[in-house]
Amino acid sequence: LEYKFQDEFPTQFPVPAHQLSLGTSFGMTNGSGLRIGVGPPLESFFFNAKFLVNERFLIQAKYINTYFDYGNSNFFSFGLSYRLPAQPETSGPGDGN
């Protein structure tokens with residue numbers, strides 16, 4: 001269970017200010033997973049997917065459908081991120097090394 005506030009800011013599309021979702025990582029601890037949720041107070045729902053490839057590339061996709069009095073709005077976003085390798089800890093001055 002997850003709550004987010006203004007997670008899609010800034011954007012030119014009308015998206016929900018609040019997002020409440022339920023998801024699963026399928027037992028993975030690397031940040032991959034699927035989520036489905038709603039976005040009150042607008043009548044909206046969304047799907048979100050994140051998958052880590054080769055421990056470095058994070059592929060993300062999100063679909064949001066929002067209903068307004070004057071019609072529907074559909075929003076799809078796709079992202080690709082690169083995770084930098086972890087740096088080994090170094091000894092600082094004065095620690096005897």
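Me: How many salt bridges does a search of the whole structure find?

Reply: One. This is a predicted model, in which local features need pLDDT of at least 70, side-chain atom pairs count only at pLDDT 80 or more, and totals for chains, interfaces and linings use all residues. Residues are numbered from 1 along each chain as its sequence is written, and side-chain values use heavy atoms, with hydrogens and water left out.

Me: What makes Arg35 and Glu2 a salt bridge?

Reply: The term requires a side-chain nitrogen of Lys or Arg within 4 Å of a carboxyl oxygen of Asp or Glu. The closest N and O atoms of Arg35 and Glu2 are 3.2 Å apart, so the pair meets the definition. It links distant parts of the chain, with Arg35 in strand β3 (residues 33-38) and Glu2 in strand β1 (residues 2-5), 33 residues apart. Strands are DSSP runs (E, at least two residues), numbered from the N terminus.

Me: Why is Glu2 called partly exposed?

Reply: Buried means under 20% relative accessible area, exposed over 50%, and partly exposed in between (1.4 Å probe, protein chains only). Glu2 has 29% relative accessibility, so it counts as partly exposed.

Me: How do you know whether Phe76 is buried or exposed?

Reply: Its relative accessible area is 57%, so Phe76 is exposed. Phe76 is found in strand β6.

Terms used: Helices (H or I, at least four residues) and strands (E, at least two) are DSSP runs, numbered from the N terminus.
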